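Subject: Handing over the structure, with notes

Dear colleague,

I am passing this structure on to you, and you will find it just below. My notes follow it, and I would be glad if you read them with the structure open beside you.

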Amino acid sequence: MPQSRPFLTRSRREAITFYLTISPWLIGFLAFTLVPMVVALCLGFTRWDLLTAPRWIGPDNFARLGRDPLFWQSLKVTTIYTVAYVPAELIGGLALALLVNQRVRGVGIFRTVFYLPSVLAGVAYVVLWMWIFNPQGGLLNTLLGYVGIEGPRWLIDPRWALPALLLMTFWGWGRAMVIYLAGLQGIPPELYEAAALDGAGAAGRFRYVTLPMLSPTILFALILSVISTFQTFTSAFVATNGGPLNATLFYVLYIYRLGFQFLRMGYAAALSWVLFVIVLVLTLLVFRTGRFWVYYEGKRD
Amino acid sequence: MQRRTAFACIVVALLALVLLAGCVAVPPPQQPVAKPSPAGGKIILRVGTGDSGEGLSPHQEIISRFEKANPDVLVQLEAVAGQDYYTRLLTQIAAKRPPDVMQIGDDAVPMFVEKDALHVLDDCLKQPPGLDTGIYLPGLPQPGQWQSKQWLLPKDYSPLGVYYNKKIFDQHKVPYPKDGWTWDDLLATAKALTKDTSGDGKTDLWGIQLPATWTSGFEYWVDAAGGRLISEDGKKFAGFMDSPEVQSALKFYSDLYNVNKVAPPPADLAMFGGGNTEFDNGKAAMRIFGRWPESGYKKNPNIDLGVVGPPAGKQRANVLFWGGFGVASGSENPDAACRFLKFYTGKEGAEVWKDWALPAVKSVAESSGVTKDPIEGVWIDELSHLKPRAYVSSPYWGQSGDPALRKALETMLVMPGSDVAVVLKQAAQEAQTALDEQLAGQK
């Protein structure tokens with residue numbers, strides 16, 4: 001006699017439970033990520049001014065990129081910013097995390113203080129820094145004046161505007177600090193004890209215990225950092241509006257300007273897909289290199 | 001293995017479906033928009049404005065008066081401040097849910113009209129109670145017109161004026177600027193009031209605060225120099241933006257900053273008007289700008305305020321900044337929207353506006369006394385010196401001429417010593433390239 005099988009086998013029931021449980025995310029992903037992305041891709045092949053129906057123009061938008069000096073300028077600005085910011089955040093965040101990982105009285109206060117700027121709303125934070133950078137009577141130039149240095153005109157000097165925007169981001173290191181701190185706290189103390197017994201100094205413990213144990217966290221923070229840096233918008237939008245002379249024309253700011261100010265949504269959509277591909281490739285690259293320097297405890301070879 | 005293939009097939013099929021759906025959906029299907037459920041049988045009108053904060057008070061006042069007079073209509077004010085307003089408006093139009101009545105600023109009018117976002121007002125103006133655009137002060141209906149049809153009616157407006165601080169003039173015994181003054185007078189006055197009072201080698205008192213890289217404000221200097229930025233047919237920048245007249249305007253303007261050093265250097269180029277505060281702090285004797293900060297200046301203890309029209313260069317000139325209201329072409333209730341529009345921009349609305357800004361309706365301006373006021377009267381008088389703005393010649397001015405001109409102004413301000421002729425020649429080329437691309441794309 002053949003075994004009677006219930007319609008809902010255990011595995012089927014599990015699958016149904018799985019999809020039901022994940023459905024809020026799934027629906028959200030479809031409705032707010034996948035479909036808009038696909039629509040944007042299609043729009044990338046059209047000319048669309050938002051007011052009248054889009055018109056199919058084939059790959060013209062993508063062909064145009066090469067001839068658009070502002071596309072290259074925005075890519076350049078964003079790349080310089082990313083190359084400078086990502087390592088700075090990595091080292092700065094890690095340094096802060098190491099500092100606040102000490103068992104010292106009142107370390108909680110420092111953790112809070114270092115993290116505090118990350119809680120501030122983006123615009124408020126930028127406006128505050130605009131006051132600091134104000135060439136007439138701003139905090140920074142006044143302080144520089146005390147030591148006899150005539151400060152640059154920061155946000156309105158094409159040579160200094162991008163460095164100024166970079167300078168204001170060190171306030172964001174608190175975000176990376178929290179991630180690294182969580183990673184540091186997860187390192188079992190017995191590893192340090194064993195290393196100390198074997199005669200490793202502080203530098204040795206950092207190099208041979210902390211870094212390898214923290215490497216998955218670093219990989220995670222690195223990827224987040226690269227992605228978010230390529231999407232920089234607020235600081236340039238509020239503080240410089242891309243100027244002076246396009247010195248801070250970030251890629252996403254250029255997309256926004258094309259789409260909503262110049263009413264060239266099709267071209268803007270094409271640009272956003274190019275950005276997506278760039279970020280995707282960079283992320284994959286970082287992942288790939290991770291093979292050589294990330295140590296996963298669970299994976300023994 | 002088979003299962004895997006099946007799974008992969010399903011995934012690919014799904015993706016293809018989504019892709020297809022996405023592309024097909026690109027011209028979004030004209031779905032009938034669900035009518036907003038009437039609140040107690042009332043018509044609901046949505047009104048979009050870019051005003052915010054205190055600026056909303058007159059709107060609310062006019063709306064409540066309108067609702068009292070029109071019990072069948074309920075008005076919802078949708079306020080989104082600043083730049084975000086257009087972003088939202090465009091999104092609403094793209095989604096086929098624009099506000100019934102929407103505020104549009106001067107230079108955006110041609111674009112919205114060309115793209116069929118607005119209802120032409122000819123019939124609306126005729127329907128009783130009719131509205132004759134002759135009720136407005138001179139120059140005010142024009143920014144709402146495009147191709148000799150009326151699309152919007154004036155909400156508020158401002159020409160340029162020169163504010164001056166009588167305290168500073170009195171203290172340094174310099175005569176006040178007088179109506180009919182010239183660029184030479186401006187320079188002489190500004191020089192006489194630029195001083196290093198503390199003797200530390202730095203200027204503490206500036207002659208005139210200028211609006212940095214504000215392109216539409218700069219159009220006044222171009223007009224006063226007798227130039228224009230774009231050909232009348234809206235097709236050419238070369239020979240206009242780089243003409244000797246525009247060169248002389250840019251040279252005079254940037255020399256005020258760089259050579260004569262009578263204007264405080266801009267504090268923030270991203271901010272409208274350059275972010276300077278010298279005039280507010282009693283550290284600049286004059287300021288050329290619109291009427292917007294005036295009520296603050298009247299209350300400011302550092303300032304004893306006077307206002308005079310901008311000086312004449314080769315000719316007298318001024319430019320108008322204007323916000324108007326129109327009816328969205330997608331409105332479900334165009335008749336009610338029209339009724340509201342006429343109430344809002346007509347005499348009834350002007351009676352409220354006059355307490356907040358300059359009224360657009362002539363009879364209200366006269367009866368409220370603003371035309372005779374020594375300060376407010378100046379703004380009204382300036383309406384008779386208006387020159388057409390550059391956007392009037394091309395709906396693509398904002399994407400072509402404006403950014404190029406802004407870059408030219410920026411170059412002159414952040415790189416003093418740049419050659420005006422070279423800078424403007426490049427600007428004209430950049431503007432032309434952008435314009436040609438737009439015109440080609442329309443074919």
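One definition is needed before the rest: a residue is called buried if 20 or more other C-beta atoms lie within 10 Å of its own, exposed if 12 or fewer, and partly exposed in between. Please also keep in mind that this is a predicted model.

Let me begin with a tryptophan of chain A. W171(A) sits in the loop between α7 (161-168) and α8 (173-185) of chain A, and because 16 other C-beta atoms lie within 10 Å, W171(A) counts as partly exposed. Among the residues beyond four places away in sequence, W171(A) touches P117(A) and Y125(A). The C-alpha atoms of W171(A) and Y115(A) are separated by 8.4 Å, although these two residues are 56 residues apart along the chain.

Also in chain A, helix α12 (residues 251-261) is mostly covered, with eight of its eleven residues buried. The buried residues of α12(A) are Y251(A), L253(A), Y254(A), I255(A), R257(A), L258(A), G259(A) and F260(A). Their cover includes α3 (69-100), α10 (202-230), α11 (234-240) and α13 (265-293) of chain A, together with α3 of chain B. Just after α12(A), L263(A) takes a positive phi of about 55°.

Next comes the meeting of the two chains, where 27 residues of chain B are in contact with 31 residues of chain A. On the side of chain B that touches chain A, α1 (2-24), α3 (84-94) and α15 (401-414) of chain B each supply at least two residues, and the largest share, five residues, comes from α3(B). By class, that side of chain B has 17 nonpolar, five polar and five charged residues.

Chain B itself is divided into domain 1 (43-158 + 321-385) and domain 2 (161-317 + 396-442), and 29 Å separate the centres of these two domains of chain B, taken over C-alpha atoms. Their contact takes ten residues from domain 1 of chain B and 13 residues from domain 2 of chain B. On the side of domain 1 that touches domain 2, helix α14 (residues 376-382) of chain B gives the largest share, four residues, and the residues of that side divide into five nonpolar, two polar and three charged.

Chain B also holds an open sheet of four strands in the order β8-β9-β7-β10, with mixed pairing. Its edge strands are β8 (206-209) and β10 (305-308) of chain B, each of which pairs on one side only, and the twist averages 20° from one strand to the next. Strands β7 (residues 161-165) and β9 (residues 284-289) of chain B run antiparallel and are joined by four bridges, and Y163(B) stands opposite R287(B) in β9(B).

Leaving aside residues up to four places away in sequence, L341(B) touches V101(B), C124(B), L153(B), F325(B) and V327(B).

With best wishes

Methods. Residues numbered from 1 in each chain as written. Chains lettered and ligands numbered in written order. Predicted model: local features only at pLDDT ≥ 70, side-chain atom pairs only at ≥ 80, totals over all residues. Contact = placed C-beta atoms within 7 Å. Nonpolar A, V, L, I, M, F, W, Y, C, P; charged D, E, K, R; others polar. Pairing = 2+ DSSP bridges. Axes fitted to C-alpha atoms, helices over the stretch in contact; angles between N-to-C directions. Domains from an automatic or database assignment.
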